[in-house]
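Trainee: Hi! Could you walk me through this one? I'd like to start with charged pairs and then move on to the strands.

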Amino acid sequence: MEIKFILNKKAVTIDVDPMKRLLDVLRENFGLMGSKEGCGEGECGTCTVLLDGKPITSCITNAIHAEGKEVLTVEGIALEEDGKLLIECFDETNAVQCGFCFPGFLVSSYYYLQTDGDEDLEKIKTALSGNICRCTGYQKIFDSVLLACKRK
Amino acid sequence: MKFFKPANLNDFFEITAKIKKNIYFLAGGTDINVQIKNNLLSEANIIFINNLPELKGIYQENDQIVFGALTTFRELINSSLVKKHLPLLSDNLQNFASPLIQTSATIGGNIANGSPTADIMPLLMILDANLIIAGKAGSHQININDFYHGYKQNKLNKGEVIKEIRINRDALTDVSTFYQKVGARKTLTIAKVTLAGLMKITHGKIEQINLAVGSLNEYARRLPQLEAYLTGKTKQQINLEKLKTILAKEITPISDLRSEKEYRFSVCLNLIRTFVE
């Protein structure tokens, strides 16, 4: 089935099984390897992307859900001002350990910075509660986002 | 797996009439994609209902708040109409699943899936929510408290879909409410026990009480015998032994990987006592 959507600000059209997971579409059809598969059941958040500006887990989302919508992946976010700021803060704070969860945390943090941005630890914890870091390096991740909120 | 994409309800009725069996609806996809991953739906006819315009929106109609079945949890939590009239829902569903799943998961899908642990179910039950079921021959209404008859078994017939959920706008006027979900962590946790309660006290007596529980039976439910026992009583008249005896008749907790049945019984009893005593 032909599906049209906006991917990282560019209009794209693909011929794809409408039930193919959005995560697989991004990785296999577009070579965007930033979004990762962790649990594959929507629980860990490492496959997080923005769909029409809101964070979703792309492993339990289908290609058809993207039809006519805007998808912003971690690759797209890395080119945005707030994305660059977050990367800088994650870097300075040494927040990234094994790095597997990092793309998802970056997307959720970007959404928080865009829609709220308060230097409020509790709010940040809630905003990132759909993302799991199995290195358990949460404190430094929260510190990074707090720093980004401060600098913005 | 076959795929169908109706553009509206009429289209939906035509498509479903032609398919004999194995019909599955795809809305937000948060439950069905896990089943697909586990290869449980290879023979399924998937009907993508996420675009049906008739199933969208949150609005007020007379004294009712109407939720289209495709309302997502994020939309429900952020709705000013819900915050104003039914804050019990917006306040208590903040920790539903995770912020990411709240974007996709729909209320209609949650109800149709019918998990005994669904966070929203006890809330809808004490609010006496009505479901509008759309079928080719027309729509009919069924109360959420009459909708289930077994583990993940509901009264939806082939070719029917949940169109909307209706709740009395004034359901929370002059009542005290209670909601507690007991889980291992704050978000992304499946409830061990959930209790929702709504109570009206007049002259020191319980005039009306609605209690509903999740994760304690094969489907979430009201506790009618306990409600009947408590109605008309003052706090001093509530007998703990009697409370325990009735509760034991109404809930059938099991032991599983999340907790033991004894624990679930005690927690449920304590939650009820916290609310009524």
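Mentor: Happy to. The side chains of B:Glu164 and B:Arg166 meet in a salt bridge, 2.8 Å from N to O; the term stands for a side-chain nitrogen of Lys or Arg within 4 Å of a carboxyl oxygen of Asp or Glu. Keep in mind that this is a predicted model, where local features need pLDDT of at least 70, side-chain atom pairs count only at pLDDT 80 or more, and totals for chains, interfaces and linings use all residues. Residues are numbered from 1 along each chain as its sequence is written, chains are lettered from A and ligands numbered from 1 in the order in which they are written, and side-chain values use heavy atoms, with hydrogens and water left out.

Trainee: Is B:Glu164 buried or exposed?

Mentor: B:Glu164 is buried, at 5% relative accessibility, and B:Arg166 is buried too, at 13%. Buried means under 20% relative accessible area, exposed over 50%, and partly exposed in between (1.4 Å probe, protein chains only).

Trainee: Which residues are linked with them in a network?

Mentor: B:Glu61 and B:Lys163 join B:Glu164 and B:Arg166 in a network of salt bridges. Over all chains, the structure holds 25 salt bridges.

Trainee: And what does B:Lys244 pair with?

Mentor: B:Glu241, through a salt bridge of 3.7 Å, N to O. Both lie in helix α10 of chain B (residues 240-250), three residues apart, about one turn of the helix. Helices (H or I, at least four residues) and strands (E, at least two) are DSSP runs, numbered from the N terminus. B:Glu241 is partly exposed at 49%, and so is B:Lys244 at 31%.

Trainee: Switching to strands: what is the order in the open sheet of four?

Mentor: The order is β11-β12-β13-β14 in chain B, with antiparallel pairing; two strands pair if DSSP finds at least two bridges between them. β11 (176-182) and β14 (221-222) are the edge strands, each pairing on one side only.

Trainee: How many bridges join β11(B) to β12?

Mentor: Seven, and β12 of chain B covers residues 193-202. Within that pairing, B:Tyr179 stands opposite B:Ala196 in β12(B).

Trainee: Which strands does helix α11 of chain B lie across?

Mentor: Helix α11 (residues 261-276) lies across β11, β12 and β13 (205-214) of chain B, at about 25 degrees to β12(B). For such angles, axes are lines fitted to C-alpha atoms, for helices over the stretch in contact (heavy atoms within 4.5 Å), and angles run from 0 to 180 degrees between N-to-C directions.
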